[in-house]
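Student: I have a structure open and would like to work through it with you. Shall we take it one question at a time?

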Amino acid sequence: MTIPEIEWLSQARKGDNDAFTNLVEAYQTPVYNLCYRMLGEAGEAEDAAQESFWRAHQSLSKYDPQRPFVTWLLSIAAHYCIDQLRRRRLDTLSMDLLPEEAIPDSGTPTPEASFNQTEEQRHLRALLGTLGPQDRAAIIMRYWYDLSDEEIGQALSLSVSAVKSRLHRARRELARLWLAQQPQALTSERRQNEAPTL
Amino acid sequence: MKHLPYEGWLLSEEELTVEEERTLRMHLDSCAACSRLATALQAVEQEFTTIPLVAPAPGFGQRWQAALVEKTREAQIKRQRSLTWMFFALSALGALTIFVVLNLQFFSNLPTPVEFVTQAVYQMSLAISVGKSVLNLASVIREVLPLSIPLVVWIDITTAFCILCFVWIFAIWRLPISKRSTTK
Ligand SMILES: [Zn+2]
């Protein structure tokens, strides 16, 4: 956390809504990205991110300053998204079945780069869509936010061993799906007889 | 299973010893299934770690501020509503408690449920008959009273009542004005 952010946080905890809005501006991207990766749809992600900030605003007095603020926000967002996925039974539905819509991009890439990025995002959505809500949250927290097993456990209210087993299972599932999607890429790779770097 | 330690090593993120890494490499050279798994995992991880964070549409902060106003208002209404319900529930509970306490002695004197039901039915019928009698009395008074009072008296009463109403309305109308002038 930067020095102004610490100041905003202390002001927000005293009930200053403008200071909290500054925090919203500062943390909108990590929170929105988690919601977008979890729910796979921009509109739902926007609503989920707004709701997560509202919940954070309402329970700011319960925030433990020893804990990183971003992890606390991500924990609130992840719990909300898991509830949403469970409630809407989206976990039984592949994200491929969701209506195609514009994927928000960060930055302004060239048309070609934009096309590749959109393709990548779609592929990513399909991959993440196969995972259950909690496994999905664990994978997102690991790869996009580089959180440790302990931090993921704290954020998702899971034990460290449960996080490890969820990540283990999720990786197996992602690898299985990746192989099913790209048989040609694999055969060409095998032909090259290239040993994977570990 | 011949893939057992190797598959676990690939899927976990635990650091491998030099010896473990060497045996894993040897296994990957000879096992197509584990080799495929390693390739797929590497590709997935690369895809996940190279794609940047997605930002929301511009104006997220403004939308947040608008939502904050709306949600605070909604929360206030909700709180008021729940307070009203709580007050209502407490009142009902209080009334029930008073009712039970007042009737406790009466109920405790009844040894069997049959007697209790008989008494309850009797009390209810008594209450209904009392209510009916009161209504009858009221209708009799309503019919008899106008005949016994002369018409002139009726006109006087009505006029006095109208004047009183007028004075009352005038007082209500004047009171805030005088208050306002004194505050000025
Ligand atoms: Zn093997």
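Student: Is Asp146(A) buried or exposed?
Tutor: This is a predicted model, where local features need pLDDT of at least 70, side-chain atom pairs count only at pLDDT 80 or more, and totals for chains, interfaces and linings use all residues. Residues are numbered from 1 along each chain as its sequence is written, chains are lettered from A and ligands numbered from 1 in the order written, and side-chain values use heavy atoms, without hydrogens and water. Buried means under 20% relative accessible area, exposed over 50%, and partly exposed in between, with a 1.4 Å probe and protein chains only. At 65% relative accessibility, Asp146(A) therefore counts as exposed.

Student: Where is Asp146(A) found, and what is its phi?
Tutor: Asp146(A) sits in the loop between α6 (133–145) and α7 (149–156) of chain A. Helices here are DSSP runs of H or I with at least four residues, strands are runs of E with at least two, and both are numbered from the N terminus. Asp146(A) is not a glycine, yet its phi is positive, near 55°.

Student: Which loop holds Ser157(A), and what is its relative accessible area?
Tutor: Ser157(A) also has a positive phi, about 55°, without being a glycine. The residue belongs to the loop between α7 and α8 (160–181) of chain A. Ser157(A) is exposed, because its relative accessible area is 57%.

Student: How many helices and strands does chain A have?
Tutor: From the N terminus on, its elements run α-α-α-α-α-α-α-α-α. Buried residues make up 49% of its 198 residues. The count for chain A is nine helices and zero strands.

Student: How are α1(A) and α2(A) oriented to each other?
Tutor: Helix α1 (residues 3–13) and helix α2 (residues 17–39) of chain A pack at about 135°, with axes 8 Å apart. Axes are lines fitted to C-alpha atoms, for helices over the stretch in contact, and angles run from 0 to 180 degrees between N-to-C directions. Under 35 degrees is roughly parallel, over 145 roughly antiparallel, 65 to 115 roughly perpendicular, and the rest oblique. So α1(A) to α2(A) is oblique.

Student: Which residues of α2(A) make the contact with α1(A)?
Tutor: Contact means heavy atoms within 4.5 Å. On α1(A), the contact uses Glu5(A), Trp8(A), Leu9(A), Gln11(A) and Ala12(A). On α2(A), the partners are Ala19(A), Phe20(A), Asn22(A), Leu23(A), Ala26(A) and Tyr27(A).

Student: Why are α2(B) and α3(B) described as they are, and what is the word?
Tutor: Their axes come within 6 Å and cross at roughly 110°. His27(B), Leu28(B) and Ser30(B) in α2(B) meet Ala32(B), Cys34(B), Ser35(B) and Ala38(B) in α3(B). That crossing angle is why α2(B) and α3(B) are called roughly perpendicular.

Student: Which residues of chain B does Gln50(A) contact?
Tutor: Gln50(A) lies in helix α3 (residues 42–58) of chain A. At 8% relative accessibility, Gln50(A) counts as buried. Leaving aside neighbours within four places in sequence, its contacts are Phe60(B), Arg63(B), Trp64(B), Ala67(B) and Lys71(B).

Student: What kind of aromatic pair do Tyr63(A) and Phe69(A) form?
Tutor: Rings of Phe, Tyr and Trp (its six-membered ring) pair if their centres lie within 6.5 Å; planes under 30 degrees apart are stacked, over 60 edge-to-face, and the rest tilted. A search of the whole structure finds twelve such pairs over all chains. Both Tyr63(A) and Phe69(A) are buried. At 5.3 Å centre to centre and 85° between the planes, this pair is edge-to-face.
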